[in-house]
Amino acid sequence: MASGSTFAHRHILGLEQLSREDISHILATADSFKEISTRSIKKVPTLRGHTIINLFFEPSTRTRLSFEVAAKRMSADTFNISPSTSSTTKGETLADTARNISAMHPDIIIIRHACSGAPLLLSRCVKAAVINAGDGAHEHPSQGLLDLMTVKERRTTLSGLKIALIGDIAHSRVARSDIIGFTRMGSAVHVYGPSTLIPKGIDQLGATLCTSLEEAVRDADVVMTLRIQHERQNDPLLPSLREYARQFGISGRILSLAKPDALVMHPGPVNRGVELPPEVADGPQSVILDQVTNGVAVRMALLYLVMGTS
């Protein structure tokens, strides 16, 4: 098992802060923890006596449950706070909420928030380690890391791969983390989507903008589709979901342009028949459930490593 004492980061706010060596260290640590989930008794005493608070201001199934499972498998005490049960509904600011939580001396606070930068603000208000579970359209670092882990397991290396990232790039924090993470590890990321959903300056993150779906997918090692982020759009940016599926969905025909053993990925939730038809989402090239499995291992690694900086 990798040692947490060699990890230099107190908070995990985004992949942008992590070096290639940091990412490799996290993935190696996650790999060492993955075996725990296959045991008949899925529990180790690694974080016994430590308190972890899940502070989720946005709906979440996979991420929230994954962090909670990861914490419990390491014997930590976990507590969940949602918007409906927090004092922010009474007008309390996030900073004041953070200070009150901090006064209870938690060890780690995991936060998901609709506003980009909320985890950074939180990290400046509390003594606990802070892990970003998704902030606005900024980053989703643990998702980016589990995506890297899933590809590395199947390809042994991340260097020299072509990653096709298809869909709503502009509003996707997963897209940003994946572009940063994969390019940092030596992959080439090619993006494509509706012109209204491609942000300006995407090349500054290291991605290549393609002019067609065929160009993006051709000879790809990984084809990752992204959900349309309706909740982060102020105005409708697409004519219809049917039109989106026709022009940007990954059909069997489109997938055949990628390498024969290309991986199909999606951060979830999948809109079946929109980003992916069922035969592709559930097909032999799909590793979507592997992503979910690896999410627990990655989050166990992050909890372990930030506690090692205490």
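Predicted model: local features only at pLDDT ≥ 70, side-chain atom pairs only at ≥ 80, totals over all residues.
Domain bounds here come from an automatic or database domain assignment. With that settled, I looked up how far apart the C-alpha centres of domain 1 and domain 2 lie, and got 25 Å. The assignment gives domain 1 as 15–138 + 292–308 and domain 2 as 141–291.

Residues are numbered from 1 along each chain as its sequence is written, and side-chain values use heavy atoms, with hydrogens and water left out.

**Between the domains**

I checked the contacts next (heavy atoms within 4.5 Å). On the domain 1 side 31 residues are in contact, and they meet 32 residues of domain 2.

**Second largest pocket**

I had to remind myself what a pocket is: on a 1 Å grid over the protein atoms alone, with a 1.4 Å probe, it is an open set of points with protein on both sides within 12 Å along at least five of seven lines, and lining residues have an atom within 4 Å of a point. Its volume is the space filled by probe spheres set on the points, which are joined across faces, edges and corners.

The second largest pocket holds about 240 Å³ of space. It has 19 lining residues, and those closest to its centre are Arg62, Pro267, Ile288, Gln291 and Val292. Which domains supply the lining? Domain 1 and domain 2 each give at least three residues.

I also sorted the lining by helix (helices are DSSP runs of H or I with at least four residues, strands are runs of E with at least two, both numbered from the N terminus). Helix H2 (62–73), helix H5 (141–155) and helix H11 (288–307) each bring at least two residues. H11 has the largest share, with 7. By type I get 10 nonpolar, 7 polar and 2 charged.

**Helix H6**

Helix H6 runs over residues 173–184, 12 residues in all, and spans 17 Å from its first C-alpha to its last, close to the expected 16 Å. The expected span is 1.5 Å times one less than the number of residues.

Is H6 mostly covered or mostly open? It is mostly covered, with 9 of its 12 residues buried. For the record, buried means under 20% relative accessible area, exposed over 50% and partly exposed in between (1.4 Å probe, protein chains only). The buried set is Arg173, Val174, Ala175, Ser177, Asp178, Ile179, Ile180, Gly181 and Phe182. I looked for what covers them and found, among others, H5 and the strands S3 (108–113), S4 (129–135), S5 (162–166), S6 (188–192) and S8 (222–225).

**Leu15**

Leu15 sits in the segment before helix H1 (20–34). It counts as buried because its relative accessibility is 0%. Leaving aside neighbours within four places in sequence, Leu15 is in contact with Glu139, Pro141, Gly144, Leu145, Ser177, Ile180, Gly181 and Arg184. Gly144 is 129 residues away along the chain, yet the two C-alpha atoms are separated by 7.7 Å.

Val126 is in the loop between helix H4 (118–123) and S4. At 11% relative accessibility, Val126 is buried. Not counting residues up to four places away in sequence, Val126 touches Ala98, Ser102 and Ile109. I also took the C-alpha separation of Val126 and Asp168, 42 residues apart along the chain, and it came to 34 Å.

Ser82 lies in the loop between strand S2 (77–81) and helix H3 (94–102). Its 19% relative accessibility is why Ser82 counts as buried. Beyond its neighbours within four places in sequence, Ser82 is in contact with Phe56 and Arg64.

Where is the cis peptide bond with omega of about -5°? It joins Gly268 and Pro269, and Pro269 is in the loop between strand S9 (263–265) and helix H10 (278–281).

Then I noted positive phi values outside glycine. His105 has a phi of about 60° and is found in the loop between H3 and S3. Its relative accessible area is 62%, so His105 is exposed. Thr156 has a phi near 65° and belongs to the loop between H5 and S5. Thr156 is exposed too, with a relative accessible area of 62%.

Conventions. Nonpolar A, V, L, I, M, F, W, Y, C, P; charged D, E, K, R; others polar.
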